[in-house]
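Please look at the sequence and the model shown here. The paragraphs below them go from domains to sheets, helices and the chain contact.

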Amino acid sequence: MSALPLALRIAIVGAGPSGFYTAEALLRAGIPGLQVDLIERLPVPHGLVRYGVAPDHPKLKQVSAVFERIAAMPGLRFLGGVALGQDVTLDDLRRSYHTVVLATGAAQSRRLGIPGEDLPGCHAAGDFVGWYNGHPDQRDCRFDLSAERAVVVGHGNVALDVARVLLRPMDELRRTDIAAHALDALADSRVREVVVVGRRGPAQTRFSPKELHEFDTLAGCDALLDDGDWTAQSFDPLPDADAEARAAIQLLQGFSTHAPAQPRRCVFRFHLAPAAISGHGRVQAMHFVRPPDAPAGGELTLDCGLVFASVGRRALPLPGVPYDAARGVHANARGRITEAGRAVAGLYVCGWAKRGPQGTIGSNRACGVQTAEAVLADLPMLRERPVAPTPAVLAACERAVDRGAWQRIDRAELARGTALGKPREKFVDLDAMRAAARLEAAAC
Amino acid sequence: MAYVVTDLCSGCRYTECVTVCPVECFHVDERMTYIDPDNCIDCGGCAPICPVGAIHADFLLPADKKEWIGVNRERAALTPVLTQRLPPLPGAPALPQGAGA
């Protein structure tokens with residue numbers, strides 16, 4: 001695993017969609033001797049496709065096959081289980097590689113910033129998503145599903161994922177790759193109503209029509225609006241609304257004509273600004289105020305046992321990397337990390353760490369191409385810098401979970417799933433992953 | 001379901017869609033692009049980025065555009081995959097600055 005001294009070496013930190021697409025764009029450029037190391041803190045690749053995409057969206061996960069094709073490109077090396085800041089420092093990487101591309105995502109959930117937010121029962125939506133998807137970081141999370149009503153704050157697609165997983169019938173979830181611990185907990189869930197709350201109106205959500213449409217067909221569940229939250233004008237699209245936004249508004253307008261008839265409900269509520277969460281030792285209610293532009297005035301209290309905040313994410317600041325606090329990303333210009341407006345030589349960024357948490361999986365392809373173009377344009381300058389692997393990088397490479405080892409983990413997970421009638425049963429702890437990487441036969 | 005390119009693409013063919021497709025499921029001929037419905041993973045990335053609004057989820061297609069579901073399937077089977085943006089067709093109206101980006 002030692003480096004060829006004359007090879008051009010690029011490290012990409014983070015094996016999620018943007019890391020893969022950037023690697024692909026770099027390797028497609030056909031540069032002789034180019035080696036791209038895809039460094040991932042977990043032993044397994046695919047980032048939010050594995051740990052963010054909801055288990056009941058199996059078609060989206062088919063994009064994994066594209067990542068596996070990219071992983072097989074000559075010149076690409078997967079180095080799993082290597083954590084930036086623990087196993088290697090950024091300085092190690094900078095001295096070992098001509099170029100470092102940060103594809104580290106938006107790992108930090110934004111907080112509501114209201115009193116009571118730290119009561120047990122109030123969670124970041126991202127923690128719930130990681131938990132039901134079997135992320136090792138969330139395997140010990142606990143969600144109290146004993147109250148009938150849960151509140152999800154935020155009007156984006158992650159809020160819809162959370163609501164859908166809480167409301168979807170068990171016999172449907174059982175056939176997905178949802179983590180076993182989540183399935184067990186959800187089987188005992190008493191949640192019957194999820195209220196999805198936002199501070200603006202039906203014409204100003206970030207829901208995509210495809211995700212809203214799923215609530216029209218969700219078995220045993222009504223999608224509803226509250227009559228006090230809207231007037232006929234609430235469904236007028238804003239002047240700059242595109243076809244997608246108009247379709248989302250139409251779907252919400254359709255929900256406004258529904259009457260409750262089924263055992264479970266998803267209620268979309270509008271013009272409610274979070275003010276506080278209250279309860280004795282745990283969440284028992286959430287309080288809202290109505291902004292001046294709301295159709296009705298006054299305050300509102302919703303009794304509930306769970307609150308999920310889905311109000312955005314930001315990149316985790318990294319030591320030695322300039323940070324754009326306003327945007328919550330690593331400071332950059334079209335993928336080049338910048339310090340006081342000037343490019344930092346040899347340091348780049350892609351994906352959510354570059355442009356914030358927005359877009360679809362494929363947005364990362366265009367984003368990765370743009371970052372790769374910046375790297376390729378700078379290559380004559382980057383090549384001149386002498387690099388040699390530091391001891392920490394060499395040691396990390398020795399211990400890393402490589403592509404063959406990941407494929408053994410993958411096969412073991414698929415086999416565990418088959419035994420349970422699921423497409424996959426993920427390993428949720430790092431030791432189990434590493435064991436499967438070593439002992440495929442035993443795991444199968 | 002799948003996403004569907006409709007006749008609004010015909011004659012323009014800006015191909016912004018191709019840059020954001022995570023699975024390279026766009027095909028192309030001399031007039032327009034088509035989505036291979038068997039490869040489309042329903043991510044929905046292409047619909048909002050199309051400068052002329054030619055792409056829709058199949059369940060959102062108006063009745064007079066439903067025929068394009070079949071056209072996409074048939075033409076995708078007969079035409080090559082497109083992996084990179086092409087220049088728009090000569091007759092395509094110029095886009096406002098920043099549109100589609």
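Predicted model: local features only at pLDDT ≥ 70, side-chain atom pairs only at ≥ 80, totals over all residues.

Residues are numbered from 1 along each chain as its sequence is written, and chains are lettered from A and ligands numbered from 1 in the order in which they are written.

Chain A is assigned two stretches of fold: domain 1 (8-107 + 314-401) and domain 2 (111-311). The bounds come from an automatic or database domain assignment. Between the C-alpha centres of domain 1 of chain A and domain 2 of chain A there are 33 Å. In the contact between them, seven residues of domain 1 of chain A meet 15 residues of domain 2 of chain A; two residues are in contact if their C-beta atoms, placed from the backbone, lie within 7 Å. On the side of domain 1 of chain A that touches domain 2 of chain A, five residues are nonpolar, one is polar and one is charged. Here Ala, Val, Leu, Ile, Met, Phe, Trp, Tyr, Cys and Pro count as nonpolar, Asp, Glu, Lys and Arg as charged, and the others, Gly among them, as polar.

Next come the sheets. Helices (H or I, at least four residues) and strands (E, at least two) are DSSP runs, numbered from the N terminus, and two strands pair if DSSP finds at least two bridges between them. In chain A, six strands make an open sheet with parallel pairing, in the order β6-β14-β7-β8-β10-β9. Its edge strands, each pairing on one side only, are β6 (122-124) and β9 (221-225) of chain A. Strand β9(A) runs parallel to β10 (residues 264-269) of chain A and is joined to it by five bridges. Across this pair, Leu225(A) faces Phe268(A) in β10(A).

Two helices lie across strands of this sheet. Helix α11(A) lies across β9 and β10 of chain A, at about 100 degrees to β9(A). Axes are lines fitted to C-alpha atoms, for helices over the stretch in contact, and angles run from 0 to 180 degrees between N-to-C directions.

A second open sheet of chain A has three strands in the order β11-β12-β13, paired antiparallel. Its edge strands are β11 (273-278) and β13 (299-303) of chain A. Five bridges hold β11(A) against β12 (residues 285-289) of chain A in the antiparallel sense, and Ala276(A) stands opposite His287(A) in β12(A).

How do α1(A) and α13(A) pack, and at what angle? Helix α1 (residues 17-28) of chain A packs on helix α13 (residues 363-383) of chain A at about 50 degrees, with the axes 8 Å apart. The two are therefore oblique to each other, the class left over when angles under 35 degrees count as roughly parallel, over 145 as roughly antiparallel and 65 to 115 as roughly perpendicular. Among the residues of α1(A) that meet α13(A) are Tyr21(A) and Leu26(A). The residues of this contact comprise eight nonpolar, five polar and one charged.
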